[in-house]
Amino acid sequence: MLARAEGLHRELFRPIGPSAPPAWEPPVDVLETDHEVLVLVALPGVDPDRVEAAIDGNDLVFAGTRVYPSELRTAIIHRLELPQGRFERRVRLPGGRYSAVRRSAADGCLLIRLQKLEAFRG
């Protein structure tokens with residue numbers, strides 16, 4: 001019975017290919033300073049360079065894939081709570097215009113920085 005439950009669990013949390021629709025949306029925090037907007041995305045274990053991010057109108061859109069660690073392929077799963085597979089999220093930005101999207105890692109999260117264009121005007 002445990003083997004059957006484990007098999008079902010593996011089937012439910014099977015990685016999804018990049019052509020499939022998003023399987024989940026990561027939680028985000030959006031913060032604004034005088035000079036930039038910061039978007040903090042809970043994506044532990046995801047390389048920031050492997051996340052696509054772009055401004056689309058008034059929204060920030062980012063997408064990527066969170067993959068199983070290689071050890072999970074042969075491991076017995078006792079608990080699996082972190083979502084896996086393709087993710088995508090569209091977040092409404094505060095009004096304004098922004099320059100390029102910069103990504104980095106911060107304490108297990110993805111940090112996206114958007115410089116406000118108005119900050120450079122005198």
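Author: First, a definition: helices (H or I, at least four residues) and strands (E, at least two) are DSSP runs, numbered from the N terminus. Note too that this is a predicted model.

Reader: How many helices and strands does the protein chain hold, and in what order do they run?

Author: The count comes to 1 helix and 7 strands. From the N terminus on, the order is α-β-β-β-β-β-β-β.

Reader: What share of the contacts with a separation of 6 or more joins residues 24 or more positions apart?

Author: Contact here means heavy atoms within 4.5 Å. Among contacts in the protein chain with a separation of 6 or more, the share from residues 24 or more positions apart is 63%.

Reader: What percentage of the 122 residues is buried?

Author: The cut-off for buried is under 20% relative accessible area. In this chain of 122 residues, the buried share is 28%.

Reader: Which elements give two or more residues to the largest nonpolar core?

Author: That core has 16 residues. Those with the most contacts inside it are Val-41, Leu-43, Val-51, Phe-62, Phe-87 and Ile-112. The elements that supply two or more residues are β2 (36-41), β4 (59-66), β5 (85-92) and β7 (109-116).

Reader: What does Val-51 touch, beyond residues up to four places away in sequence?

Author: Val-51 is one of the residues with the most contacts inside the core. Setting aside residues up to four places away, its partners are Leu-43, Val-46, Phe-62, Ala-63, Phe-87, Arg-103 and Leu-110.

Reader: Why is the pair of Trp-24 and Phe-87 classed as it is?

Author: The structure holds 1 aromatic pair. The ring centres of Trp-24 and Phe-87 are 5.3 Å apart. Planes under 30 degrees apart count as stacked and over 60 as edge-to-face. The planes here stand at 55 degrees, so the pair is tilted.

Reader: How many residues apart are the two partners, and where do they sit?

Author: Both Trp-24 and Phe-87 are buried. Trp-24 sits in the loop between α1 (2-12) and β1 (28-32), while Phe-87 belongs to strand β5. The pair links distant parts of the chain, and its partners are 63 residues apart.

Reader: Is Val-39 buried or exposed?

Author: Val-39 is in strand β2. Beyond four places in sequence, its contacts include Val-28, Leu-60 and Ile-112. The C-alpha atoms of Val-39 and Val-28 are 6.6 Å apart. With a relative accessible area of 0%, Val-39 is buried.

Reader: How does Ile-55 count by relative accessibility?

Author: Ile-55 lies in strand β3 (residues 52-56). Beyond four places in sequence, it is in contact with Leu-93, Tyr-98, Ser-99, Val-101 and Leu-114. At 33%, Ile-55 counts as partly exposed.

Reader: And Leu-93: buried or exposed?

Author: Leu-93 is in the loop between β5 and β6 (98-106). Beyond four places in sequence, Leu-93 touches Ile-55, Tyr-98 and Leu-114, among others. At 7% relative accessibility, Leu-93 counts as buried.

Reader: How many charged residues line the largest pocket?

Author: About 200 Å³ of space lies in this pocket. Its lining is Gly-45, Val-46, Asp-47, Arg-50, Gly-64, Thr-65, Arg-66 and Val-67. By class, 2 are nonpolar and 3 are polar, and the number of charged residues is 3.

Note on methods: Residues numbered from 1 in each chain as written. Predicted model: local features only at pLDDT ≥ 70, side-chain atom pairs only at ≥ 80, totals over all residues. Heavy atoms only, no water. Core = buried A, V, L, I, M, F, W, Y, C linked by side-chain atoms within 4.5 Å. Buried < 20%, exposed > 50% of the residue type's maximum accessible area, 1.4 Å probe, protein only. Phe/Tyr/Trp six-rings, centres within 6.5 Å; stacked < 30°, edge-to-face > 60°. 1 Å grid on protein atoms, 1.4 Å probe; cavity = no way out; pocket = protein on both sides within 12 Å on 5 of 7 lines; lining within 4 Å. Points joined across faces, edges and corners; volume = space filled by probe spheres on them. Nonpolar A, V, L, I, M, F, W, Y, C, P; charged D, E, K, R; others polar.
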